[in-house]
Amino acid sequence: MSDDVGVDQRKGVRKLFGSIVVDTRPLKIPAFRRLWLSTAVTAVGSQLTAVAVPKQVFDLTGSSAYVGLTGLVALVPLLVFGLWGGAIADAVDRRKLLLVTNVGVTVTSAVLWLQAFLNIGSVWLVLGLLAVNQAFFAINMPTRGAVVARLVPDNLIAPATALSSTMSTFGAVFGPLLAGSLIPILGLSTLYLIDVIALTLTLIAVYKLPPIPPLGEIARRAGLRDIIDGFKYLATQKILLASFLVDIIAMVAGMPRALIPEMAERTFGDPPGGGPALGWLYAALPAGAMLIGLFSGWLTRIRKQGVGVIVSICVWGAAVAGFGLANSLWLAVFFMALAGAADMVSAIYRMSILQLATTDEMRGRLQGVFTVVVAGGPRIADLTHGWAAAGVGTAAAASGGGVLVIVLVIGAALLIPSFWRYRAPVD
């Protein structure tokens, strides 16, 4: 009898553990597994460049306002090419488009490495290369997002989203930590070079994906009319509009990443050439997100996704406010990790809502809007937070933004109660 009880207990533990940890069923699908592996390979490398660009700009200028300017420079191509890229993704073979844009990102990253290696010292050259890099990125991201729903069935979209997000945050954790360690030893240019190598390896995984041509027989040209059709479709989807609005609030008002280079050096004591505080502060946000992603099995089983988005964004705002007021590095790291965990919960639900509420012929264009919102919001925040910090200091800029997030997202929930009541469809 005791043996039977022990077996039952072990089965119960395995069942409980399986319901909590990330759902790996989508990885049994070969095509999705290749897409996921391509994300895995570039996860660390891309984050090295994400640290290298603002760090190089701060080293060249000594100003958080210039670091904030990187957000504006990246925002313009995101707005233009994010929307257009979504229309292109609905009109052509998405696998081929991924290959072309990956090559473009790789080449611009290689030129970023070359200018740093040659020590040209031009902040405007760095900003110009960033703009070109982000143009290719803006087309690549909605294409990659639109591919997922063609590779996995509807009931596995939420787990597939969690898997992809978890791997991205894995790189976002260890990339900055590696960057903080490598800059004093190998120099900043090495970060760009590692990213180039990772991007080159990614091309192999993308090349092995199956063809993903548009569905249906109606030819599309990816012109202005197609982009407008996407917005007309979005205008009829109240839940999607609400999900975009609350994410804009969270990112524009609350994303404090433009303050990290200055805070690492002037608040937490990093040397001018870079050090561990820079890496920890950049890594903390995705570390919290990765932790949630690894144990996201329970999240994908909750149907009240509107409530989940609103509550998690309020937690995000509170954590960012705490980060701004922190007087020690490890307290700041804790609050940033908490913010990352909250953002991951919001992201899983918002991406799941987007995939399920959109038809395939509109999915690329809606992913383009999603890319503009998700990637564009933080770049506006880079600009506003950088300039605010130049005027009132980093602590006031970060904490004030966190409080503003809470006020605005509660207002949005009151104005759009249908989003608060939104539930995921039953399988």
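**Walking through the model**

Let's start with Gln305, which lies in helix α12, residues 305-325. Helices here are DSSP runs of H or I with at least four residues, strands are runs of E with at least two, and both are numbered from the N terminus. Keep in mind that this is a predicted model: local features need pLDDT of at least 70, side-chain atom pairs count only at pLDDT 80 or more, and totals for chains, interfaces and linings use all residues. Residues are numbered from 1 along each chain as its sequence is written, and side-chain values use heavy atoms, with hydrogens and water left out.

Back to Gln305. Gln305 is buried, at 4% relative accessibility. Buried means under 20% relative accessible area, exposed means over 50%, and partly exposed is in between, with a 1.4 Å probe and protein chains only. What does Gln305 contact, leaving aside its neighbours within four places in sequence? The list is Tyr349, Ser352, Ile353, Tyr422 and Ala424. Contact means heavy atoms within 4.5 Å.

Now the whole protein. The secondary structure comes to 16 helices and 0 strands. There are 427 residues, and 56% of them count as buried. Take the contacts between residues at least 6 apart in sequence: 88% of these join residues at least 24 apart. The accessible surface is about 18,000 Å², and carbon and sulfur atoms account for 70% of that. Those areas come from the Shrake-Rupley method with a 1.4 Å probe; for residues, only the protein chains shown count as cover.

Two more residues with their contacts. Met351 sits in helix α13, residues 329-356. Met351 and Thr161 are 190 residues apart in sequence, yet their C-alpha atoms are 7.0 Å apart. Not counting residues up to four places away in sequence, Met351 touches Thr161, Ser165 and Phe370.

Ser399 is in helix α15, residues 394-415. Ser399 is buried, at 12% relative accessibility. Setting aside neighbours within four places in sequence, Ser399 contacts Val320, Ala321, Gly324 and Leu325.

On to salt bridges. How many does a search of the whole structure find? It finds 4. The criterion is a side-chain nitrogen of Lys or Arg within 4 Å of a carboxyl oxygen of Asp or Glu. I'll show some of them.

Take Arg257 and Asp382. Their side chains meet in a salt bridge, at 3.0 Å from N to O. Arg257 is in the loop between α9 (238-254) and α10 (260-266), while Asp382 is in helix α14 (residues 360-392), so this pair ties together parts that are 125 residues apart in sequence. Arg257 is partly exposed at 27% relative accessibility. Asp382 is buried at 6%.

Next, Glu262 and Arg266. Their closest N and O atoms are 3.6 Å apart. Both residues lie in helix α10, 4 residues apart, about one turn of the helix. Buried or exposed? Glu262 is buried, with a relative accessible area of 16%. Arg266 is exposed, at 54%.

Then Asp59 and Lys55. This salt bridge has its closest N and O atoms 3.2 Å apart. The two residues are 4 apart in helix α2 (residues 30-61), so about one helical turn separates them. Asp59 is partly exposed at 42% relative accessibility. Lys55 is buried at 4%.

Asp59 leads us to a pocket. Which residues lie nearest the centre of the second largest pocket? They are Gln56, Asp59, Ala116, Asn119 and Leu188, out of 13 lining residues. The elements giving two or more residues to this lining are α2 and α4 (94-117). The largest share, 3 residues, comes from α2. By class, the lining has 5 nonpolar, 7 polar and 1 charged residues. The volume is about 200 Å³.

How is a pocket defined here? On a 1 Å grid over the protein atoms alone, it is an open set of points where a 1.4 Å probe fits, with protein on both sides within 12 Å along at least five of seven lines; lining residues have an atom within 4 Å of a point. Grid points are joined across faces, edges and corners, and the volume is the space filled by probe spheres set on the points. For the classes, Ala, Val, Leu, Ile, Met, Phe, Trp, Tyr, Cys and Pro are nonpolar, Asp, Glu, Lys and Arg are charged, and the others, Gly among them, are polar.

Asn119 is in the loop between α4 and α5 (123-151). Asn119 is exposed, at 64% relative accessibility. Its phi is near 55 degrees, a positive value in a residue other than glycine. Most residues other than glycine have a negative phi.
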